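These entries record what I looked up in the structure shown here.

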Amino acid sequence: YRTIMALDPSLDRWLGRECASNGLDVLARQGVAFISSHVAASLSDPAPTGDLAIRSDWQHVIAFALLFEQYGHTCLPLELSPRDWAEHIGLDPDGLDGSVITPNTLQGGEHSRILNIGGPMVLDGNRVSIRRLHDMESNLAEHLMMKSRQTSPDPEPLRAVIEELFPDKDQNPEPAAAAVIACTRRLLILSGGPGTGKTTTVAR
């Protein structure tokens, strides 16, 4: 990857150490190079060595966004520093900067094109996401919202059935309410702690 861009030396050392000691996929190292080189190719500030350059703050954001994905997260919180990011996913923060990277910093200068329409990253308030994950999450949210707005006929005919299946609904109304919603809407998310009656409600 050094042939296509100038990677921040401290980040390079940290990624190499953590990938080796934690058995991590090298995706974070490769991803920094891959995403950065595509953007850097259109920038006018090559590194002194002649390699293409991406600012160190953006390299850290790209690397940790990819690492967070490996650990099951879809976004990177900018109210935390790279050291905090590492600790959040259980990695050793030694060698990383403790300064917070702000949205205003990322939006400044030519590097802001990383966030342009069609760019590889998305800034949403105080969070940065890989565009692929952001688009998938946005599409899912839109689909769920659409489902939640679709209703079925009047629930009045269900009254007798609900009375029969949930005779204690006056003392414990939540299961009966969930059953009504399940029968009258296209979407229901039934949640609750252990022993709260989720399975019993569905079985009834």
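I took two strands as paired if DSSP finds at least two bridges between them. Helices (H or I, at least four residues) and strands (E, at least two) are DSSP runs, numbered from the N terminus. The model is predicted, so local features need pLDDT of at least 70 and side-chain atom pairs count only at pLDDT 80 or more, while totals for chains, interfaces and linings use all residues. Residues are numbered from 1 along each chain as its sequence is written, and side-chain values use heavy atoms, with hydrogens and water left out.

Entry on the strands. I found that β2 (residues 121–124) pairs with β3 in the antiparallel sense over four bridges. Within that pairing, Met-121 has Ile-130 of β3 as its bridge partner. Two residues separate β2 and β3 in a hairpin, and Gly-125 in the turn has a positive phi of about 65°. I also noted that β1 (residues 76–77) pairs with β3 (residues 127–130), antiparallel, over two bridges. Here Leu-76 is bridged to Val-128 in β3.

Entry on His-60. I located His-60 in helix α3 (residues 56–70). Is His-60 buried or exposed? I recorded a relative accessible area of 7%, so His-60 is buried (under 20%; exposed is over 50%, partly exposed in between; 1.4 Å probe, protein chains only). Beyond its neighbours within four places in sequence, His-60 has contacts (heavy atoms within 4.5 Å) that include Asp-8, Trp-85 and Ile-101.

Entry on the core. A nonpolar core is a set of buried Ala, Val, Leu, Ile, Met, Phe, Trp, Tyr and Cys residues joined through side-chain atoms within 4.5 Å. I found 29 residues in the largest one, and those with the most contacts inside it include Trp-58, Trp-85 and Met-121. Helix α3 gives the largest share of this core, nine residues.
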